[in-house]
Amino acid sequence: MPTSARPSPEAETEAGAETEAGAGTGAETGTESGTEAVRTGPTVTDRLVAANARYASAFADPRTDARPVLGVAVVACMDARLDLHAALGLELGDCHTIRNAGGVVTDDVIRSLTISQRALKTRSVVLIHHTGCGLESLTEEFRHELEMEVGQRPAWAVEAFRDVDQDVRQSMRRVRTSPFLPHVDDVRGFVFDVTTGLLREIDPAGAPATDRA
């Protein structure tokens, strides 16, 4: 009897995903709200893993250690419109990037900066907020709403703000006054304009920053 053709790896992956979804029909096709949650194909994570395989196929060991080449740590918002390496002309290994909602300096950011400076020899800190930040539309009431929904109040603050310039100044103060950071002489803050791609420097004293050459 002739042998049937073997399906491609892509077809096998899709078939496997469909089989996996079908096998869990009793637990996965229904939720408490009555809506269906059946996996019908590759997920976004599958796409990212496939992209990594292509990336790794051409990857060359940079032969550097964990210390950033430029000795700088960048703290920025997690907003998807900020491509930090492209916007700042950075290459792999140049800097530490620390990102969170808003790019605000929290206790955990101080933890990362402390390790960056004391263990990995960075000295400069660049803080980047941006226009149109989602935190400008939130308040600390967000925590209360979560508590009403899940029965537990978050321990963390939302760190919402209305004035992006003033929030950058607050972040600069938090870095400069931290007892854990040995290098606070080169701390600068900026607002990234998501419509033009330009950085605008924030004067910590409150006056407009002088344009630098």
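1. The expected span of a helix is 1.5 Å times one less than its number of residues, helices (H or I, at least four residues) and strands (E, at least two) being DSSP runs numbered from the N terminus. For the 14 residues of α3 this gives 20 Å, and because the end C-alpha atoms are 20 Å apart, the two values agree.

2. This is a predicted model, in which local features need pLDDT of at least 70 and side-chain atom pairs count only at pLDDT 80 or more, while totals for chains, interfaces and linings use all residues. Residues are numbered from 1 along each chain as its sequence is written, and side-chain values use heavy atoms, with hydrogens and water left out.

3. Helix α3 (residues 44-57) includes Y55, and none of the 14 residues of this helix is buried, where buried means under 20% relative accessible area, exposed over 50%, and partly exposed in between (1.4 Å probe, protein chains only). Y55 counts as partly exposed because its relative accessibility is 47%.

4. Strand β4 (residues 187-192) is largely enclosed by the rest of the structure, because five of its six residues are buried. Strand β4 pairs with strand β3 (residues 124-130) in the parallel sense over six bridges, two strands being paired if DSSP finds at least two bridges between them; V187 in β4 is the bridge partner of V125.

5. Strand β5 (residues 199-202) runs antiparallel to β4 and is joined to it by four bridges, with E201 in β5 as the bridge partner of F190. The hairpin of β4 and β5 has six residues between the strands, and G197 in this hairpin takes a positive phi near 80°.
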